[in-house]
Each structure stands twice: as structure tokens, then as C-alpha cells.
Amino acid sequence: MRSVRRSSCGWCEWRGATDMAAEPDFDRLRQLVTDLMLIPGLSGYEGRVRRRIASELDALGIASRTDRLGNLIATLAGNHASPSVMLFAHMDQLGFIVRKIEASGLIRVERLGGVPERALPSQGVLLCIGEGKDVPGIIANKSHHATAPEEKYRVLPYPELYIDAGFRSAEEVVSGGIDIGTPVVYAPKTIAMAAKRIAGTSLDDRAGCAVMIEAARRLKTSSQRPNVHLVFSVQEEFNLRGAVTAAQALKPDIAIQLDIILATDTPDMTARGDVRLGGGPAMSLYSFHGRGTLNGTIPHPALVQLMTATAREENLTLQRSAHVGALTDSSYVQLVGEGVAAIDLGFPTRYTHSSLEVCDLGDLEELAQLTVASIAGINEEFSLDRDDFSQ
Ligand SMILES: [Zn+2]
């Protein structure tokens, strides 16, 4: 399966685009990100992603376990006297669930997660019924020649859209293994771009998962570090709940999430901030959703200080982000027990939640470096006492 996926995503073109032999660590990360992006894993259906990540950890000699919700958890034992760390990224991706099968064989779906409706028509999708058996289809776009002028600039709400997978009747759909409740994702793909950039499906947050695996490789051999729990979480795009159960079980003192950070260096985003693609990893100083989900994260000052100092020592540029409109699992993880000191670190990402998100692989590599170095800086003296901070 892996070789099939790789050859279908332009891997060979990529080999030609850059010098693979020059940077073995970088190439390993690039391949891992690509492989993970091509595995379908709708919220609640993360099994294939989890198995792949578990096998990556296994190859590093790191044992992992799966909790009842499906979170994959591994613990790297360290200094028990230091504050413990939960490092986490989510395995799931947004998408759809089959809602109704029309007599004609066309398929209607319910959305799952923050699906951008204006970017849906004419997308390829994958109806996920089992590894090696998935059914490709397309989200239909009304024939242009029959589109009235007033229709041309209207965004169709998802209930008006339908999936055409080639079936000619409802009976054919059902005998093809598809039923109400079948998960649907964007057709997995990656596109190698110039300047170490990559476009594709579910960069959010498979790129974060890949960075975590890379960080685990380096943390495993480090002797000076606290206990680190690695959590590859589920159902983040659904309702930000998977990581909460993991935090309840692990009771960490510190929570560090690795996820996308909105890049603001395109013409449509410039007023929103100063986060550049390829400008280095970023930390969020403020997030708030504000559209139904009244939650967000204001990071613990000790972690802001730690990340800032570590980036300086490591000679990395650490970009700063503050915005309303998005949030991550850390919003809920911080509320567990007596409170968990939390921060969101991430990699600048363009065109979020569309089928072709874009990031820069150099930012991922530097994020791994920052993550490892900052965790190494958490020792017995590391204080989370609010009274040690002036604000
Ligand atoms: Zn995410």
C-alpha cells in the first residue's frame, strides 16, 4: 500500500526537485509527513493513522498503548522531580459522514469539523470502507453551461452538494459497501512545491504528528529531561475531546500541543498578523474560537518564557501568533485536574482546512528542534508558580 500511495502522489517529481542525499534527517521527516498525509483518518476513524504511528514508535523502540477513545499514548520516562510534560498532536482530520443515499445512487453527506463550503465543489473524495477497499468519488459541481449568472458567485451550503461515485442506484451504493454513517475524506494527495514547501490533504495535523515522532526519536536518547508523555490524539476536529481523556489519565504538569498556526503572508491574510511561511516555528500567545465554542488558550507565562529563551539559544526565529477564530485541544487540556500549564506551538500553514493546505518543511524541522530543546530545559527548578511572573 505504501509504495502505491507514494507513486501516486508525485514522489518521483519530488526526488528530482531537491537533493535528497544532502539532508538525511530532513528527507526522513519529509517522507514521514508525506506518508501520514496520505492515510485517511476522519475524526472517530483514526485507526489506520494510529497503526502507522505506532509502528514508527515501535521502530524507535518506544512502546505505545491505545486508550478507549483511540488516543495513542507513549511515555518516555525521565526525571520524576521535574514537571511532567504531555506533548500532543491530533491524528484525525475533518471531512464528512454519509447522511443519505439517493435512489439515483448519488450520495448526500453531513459535515464533520470545520469544512470550508466554498472550497468543496469539484473536489475528489474517498469513501472509507476499509483499507484497500475505499471508494473514490467526486463532489459534484453543476455543469457550467447550465449555471445562471446569479448562481455563479454563490457558495453552495453543503446540504445542496452531493457526491457522485459512479453508482447508478441506491442498491449499487449499498452493495458497494457504503451506508449511512460511512466516513468520507478529501481524496488524499500531496504536491511537492518549490522551496521545501508541500501542499496536500490533512497537513493539519499529520505534520504535527510527524514532528512529534521526530522529536520522540531525539528525546528518547536525551538523559536530561522530565517525564514526557507523547499523545497522538483523536477527534480534535470533531469537538476537541480526545486529548482531554489522555490528560485526565496522565495528569501532566505541562501540556505542549503541536498543530497548525495560521500563516498570514498571503494577500488575503496580511491584516491578521505577521506569521510567514518558511519564517520558522510559531507559538500562539492568544487563541479564541468565538463561534459557538467559547474557549481558547492564553499560554502559561513560564512556557512563553521557555520557548522564547530556547529559540534564542538554538538560533531559531520563533514567530508569534494571536488570533480569534480557531482553537486546539489545549483549550480543554489546560482545564484538567488542578490546571495544566499549556501552550500551542506550531508550523505556519496556508489555506487551512481546504483540501490543499500548504506548509514549509523547514518550519517543521525547526519546530522539532525547538520542541526537543525546550523540553530539555524543563528541570527540577522550572517554576510554574504564577507569583514568579510579573503579569
Ligand atoms: Zn489541527
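Tutor: Let's begin with Glu160, which pairs with Arg154 in a salt bridge whose closest N and O atoms are 2.9 Å apart. Keep in mind that this is a predicted model, so every number here is computed from it. Why can such a pair form at all? Side chains of opposite charge can pair when their charged atoms come close.

Next up is Arg168, which forms a salt bridge with Glu172, with 2.8 Å between the closest N and O atoms. Arg168 is exposed, because its relative accessible area is 68% and the cut-off for exposed is over 50%. Glu172, on the other hand, is partly exposed at 25%.

The next pair is Arg350 and Asp265, whose side chains meet in a salt bridge at 3.0 Å, N to O. Arg350 sits in the loop between β17 (341-349) and β18 (357-360), while Asp265 belongs to the loop between β13 (254-262) and β14 (282-288), so this pair ties together parts that are 85 residues apart in sequence. Arg350 is buried, because its relative accessibility is 16% and buried means under 20%. Asp265 has 27%, so it counts as partly exposed.

Salt bridges can also be joined up: Asp25, Arg28, Glu214, Arg217, Arg218 and Glu365 are linked in a network of them. The count for the model comes to 18 salt bridges.

For a contrast, let's look at a polar contact. The side chain of Gln123 makes one with the side chain of Ser355, at 2.8 Å. You'll find Gln123 in the loop between β5 (107-112) and β6 (124-127). Its relative accessible area is 17%, so Gln123 is buried. Leaving aside residues up to four places away in sequence, Gln123 touches Gly137, Ile138, Ile139, Lys189 and Ser355.

Key: Residues numbered from 1 in each chain as written. Predicted model: local features only at pLDDT ≥ 70, side-chain atom pairs only at ≥ 80, totals over all residues. Heavy atoms only, no water. Salt bridge = Lys/Arg side-chain N within 4 Å of Asp/Glu carboxyl O. Buried < 20%, exposed > 50% of the residue type's maximum accessible area, 1.4 Å probe, protein only. Helix = DSSP H or I, 4+ residues; strand = E, 2+ residues; numbered from the N terminus. Contact = heavy atoms within 4.5 Å. Polar contact = N/O pair within 3.5 Å; in protein donor to acceptor, adjacent residues only side chain to side chain.
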